Amino acid sequence: MKFSIQVNEGPYQKQASDTAYQFAKAAIAAGHEIFRIFFYHDGVNNATKLAVPPQDDRHIPKLWSELSKEHNLDLVVCIAAAQRRGMMDADEAKRQGFEDNNLIEGFRISGLGQLIEAGIESDRLVVFGA
Amino acid sequence: MAVKKFMYVNRKAPYGTVYALESLEVVLIGAAFDQDVSLAFIGDGVYELTKGQDTKAIGQKNFSPVYSALGDYDVNKIYVEKESLEERGLTLDDLQHLVWEDEDEDYAEKDSIRLVSRAELADVMSEQEIILSF
């Protein structure tokens, strides 16, 4: 089956992102396709490269980043939600006059249309959080 | 592109959390995709449609006027759950009068809001293909 996933909560404060990650891993292991994972609301904070959690805890942004690399996943951060929350890629950082960006490898920033498209193109859109 | 039945379910008060505002943003962008779109307002979500909102004292933008533009985006199936209104002491008169213009009937103005019972809304939901809940 072709899945898309929407993640609506940031890392750590709620379990939604962890659960979405476990779901994605399990779906891939079971032979399903992940069309796209879309990060909305505070979910955009999962894409930060500046998180430094304690060493004995999981590193949620890095887990997503590695999963993306391993399975060539399309991780999309909503630009409207990202701009509000200070999450930006290199191009946007430059455009806004910031010295650096804070997007971890494996994520890209794009519009809400990507969420609608994911709904249209996938057999199931599974929403985590909120 | 395939046309699917999308329903946006709004469950939260307009302020206090960002969900109502960011739900509206998805609806407006999604309107460009020519899908079969419905909105549902249940629970505290019914407050999103109340008229006369004034946000000055909380220092936030009053985005409620945007709902009246939904008709222009061909978003004209707006389900409001009757029980949710009643539980909060509200009636339809407390909500904005949302309308759309029917091109097929010489742009006749029609009501967008459909007042439905909890059971009726459950039936409408069960017909949907994509449900996004905010």
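**Labels and their grounds**

Trainee: How do you know that the length of helix H1 of chain A, residues 16-29, agrees with what a helix should span?

Mentor: The model is predicted. At 1.5 Å a residue, the 14 residues of H1(A) should span 20 Å, and the end C-alpha atoms lie 20 Å apart, so the two agree.

Trainee: Which residues of H1(A) are called buried, and what makes them so?

Mentor: A:Ala16, A:Ser17, A:Asp18, A:Ala20, A:Tyr21, A:Ala24, A:Ala27 and A:Ile28 are buried. The label requires under 20% relative accessible area, so each of these falls below that cut-off.

Trainee: What do the buried residues of H1(A) pack against?

Mentor: Their partners in chain A are strand E1 (2-7), strand E2 (33-39), helix H2 (60-71) and strand E5 (124-128). After H1(A) comes A:Gly31, with a positive phi near 90°.

Trainee: Why is the pairing of B:Glu25 and A:Arg84 called a salt bridge?

Mentor: Their side chains meet at 2.6 Å, N to O. The limit is 4 Å between a Lys or Arg side-chain nitrogen and an Asp or Glu carboxyl oxygen, so the pair qualifies. Between chain A and chain B the count is 3 salt bridges.

Trainee: Which element gives the most to the side of chain A that touches chain B?

Mentor: Helix H3 (79-84), helix H5 (113-121) and E5 of chain A each give two or more residues. H5(A) gives the most, with 7 residues. That side divides into 10 nonpolar, 5 polar and 5 charged residues.

Trainee: How much area do chain A and chain B bury between them?

Mentor: About 1,700 Å², 64% of it on carbon and sulfur atoms.

Technical notes: Residues numbered from 1 in each chain as written. Chains lettered and ligands numbered in written order. Predicted model: local features only at pLDDT ≥ 70, side-chain atom pairs only at ≥ 80, totals over all residues. Heavy atoms only, no water. Helix = DSSP H or I, 4+ residues; strand = E, 2+ residues; numbered from the N terminus. Expected span 1.5 Å × (residues − 1). Buried < 20%, exposed > 50% of the residue type's maximum accessible area, 1.4 Å probe, protein only. Contact = heavy atoms within 4.5 Å. Buried area = accessible area lost by both parts, 1.4 Å probe. Nonpolar A, V, L, I, M, F, W, Y, C, P; charged D, E, K, R; others polar.
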